[in-house]
Amino acid sequence: MLNNLVLCFVRNDGAPGLAMAGMIGGSLSNIVLDWVFIFPCGMGIFGAVFATGLAPIISLTILSPHFIFRRNRFKPVRTAPSPGRMAGIMGSGVPSLVTEVSSGVVMIVFNSIILSLEGNTGVAAYGVIANLSLVVVSVYTGIAQGIQPLLSRYFGLSARKGSARTLQYALILMAAFSGIVYTVIFVFASPIAGIFNSEGNPLLQQIAAEGLRLYFTAIPFAGFNIILSIFFTSSERPRPASAVSLLRGFIVIIPMAFLLSALFGLNGVWCAFPATEMIVAAAALLFFLLSRKKA
């Protein structure tokens, strides 16, 4: 938790490169130390846990020169507790909270539905799709976190043109990335599924390939929603940001999964994600247009 907090402060304190180095250093060390502790050191599952515990410490060590050499402009100061400010901070954090919590809940719901439709093979196929989806969505999260300091700065300076230009660049990058990723997935869905299908199960191969092509139609809309949510949060509009997160995290996707699976079976499950993201994207666009009129 401390590492996540310090990463955010360093990124907003004029050192995004150092924040990136800290994040990459901590994450890669986790991967490398997993192997070192489990196999050469023979520490078993404890080694994996130990590597995970060391990762944020390594990241904090990389970030520490920013404070040791007094390059930081953010500094702890004594101040009386402010319930209003604390509420504002927590309100701005709700979208991220909902996004993190909902991913686990949605995965449980999808697993339950797929298990009833296709059994363990279907769940295994969803594992392939869900893992790839997490990787793609993390890129959108990276774009959103990258523009956050810029959007916050422009908002503080009341520089609407700079904010709009930054948002435009982020959406163009997101759209280009989405186009490339979906083209690759559509063309190579079967070989991609085969990477995870070491036993050569033909049913798993078929389900995963079809699921990839349907499920990943959602990615441009998901990217749009993630970036718009960060835009609202960075410009002190927590309500639309929270609404977007709640809609895509719980309110729309869970009923949509049950409804479409009842109507179309397994294909309905795959289509629940894109249908949800499209609906939420329309709502997010409406929130954005309304916020521009009020500004």
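Predicted model: local features only at pLDDT ≥ 70, side-chain atom pairs only at ≥ 80, totals over all residues.
Residues are numbered from 1 along each chain as its sequence is written, and side-chain values use heavy atoms, with hydrogens and water left out.

**Salt bridges**

What does Glu-277 pair with? Its side chain meets that of Arg-248 in a salt bridge, at 2.9 Å from N to O. Glu-277 sits in helix H12 and Arg-248 in helix H10, so the pair ties together parts that are 29 residues apart in sequence. Helices here are DSSP runs (H or I, at least four residues), numbered from the N terminus. Arg-248 is buried as well, at 14% relative accessibility.

The structure holds two salt bridges, each being a side-chain nitrogen of Lys or Arg within 4 Å of a carboxyl oxygen of Asp or Glu. The other one joins Arg-73 and Asp-13, at 3.3 Å from N to O. That pair links distant parts of the chain, 60 residues apart: Arg-73 is in the loop between helix H4 (65-68) and H5, and Asp-13 is in the loop between helix H1 (2-12) and H2. Arg-73 is exposed at 63%, whereas Asp-13 is buried at 4%.

**The nonpolar cores**

A nonpolar core is a set of buried Ala, Val, Leu, Ile, Met, Phe, Trp, Tyr and Cys residues joined through side-chain atoms within 4.5 Å. The largest one has 57 residues, and those with the most contacts inside it are Phe-110, Leu-212, Tyr-215, Phe-216, Leu-228 and Trp-270. Helices that give it two or more residues include H5 (83-156), H6 (160-187) and H12 (266-294). H5 supplies the largest share, 15 residues. Leaving out residues up to four places away in sequence, Phe-110 touches Tyr-126, Tyr-215, Ile-253, Ala-257, Val-269 and Ala-272, where contact means heavy atoms within 4.5 Å. Apart from this core lies another of six residues, among them Val-6, Leu-7, Ala-15 and Leu-63.

**Around helix H8**

How far apart are the end C-alpha atoms of H8? They are 20 Å apart, which agrees with the 20 Å that its 14 residues should span at 1.5 Å a residue; the expected span is 1.5 Å times one less than the number of residues. Its buried residues include Leu-204, Gln-205, Leu-212 and Tyr-215. Asn-201 caps the N-terminal end of H8, with a side-chain oxygen 2.9 Å from the backbone nitrogen of Leu-203. In the loop between H7 and H8 you'll find Asn-197, which touches Leu-204 and Gln-205, not counting residues up to four places away in sequence.

**A few more residues**

Here's how some other residues sit.

| Residue | Relative accessible area | Class |
|---|---|---|
| Asn-197 | 8% | buried |
| Ser-163 | 11% | buried |
| Cys-271 | 28% | partly exposed |
| Cys-41 | 44% | partly exposed |
| Asn-131 | 45% | partly exposed |
| Phe-39 | 59% | exposed |

Ser-163 belongs to helix H6 and touches Leu-151, Tyr-154 and Phe-231, again not counting residues up to four places away in sequence. Phe-39 is in the loop between helix H2 (16-38) and helix H3 (44-63). As for disulfides (pairs of cysteine sulfur atoms within 2.5 Å), the count comes to zero.

Conventions: Buried < 20%, exposed > 50% of the residue type's maximum accessible area, 1.4 Å probe, protein only. Polar contact = N/O pair within 3.5 Å; in protein donor to acceptor, adjacent residues only side chain to side chain.
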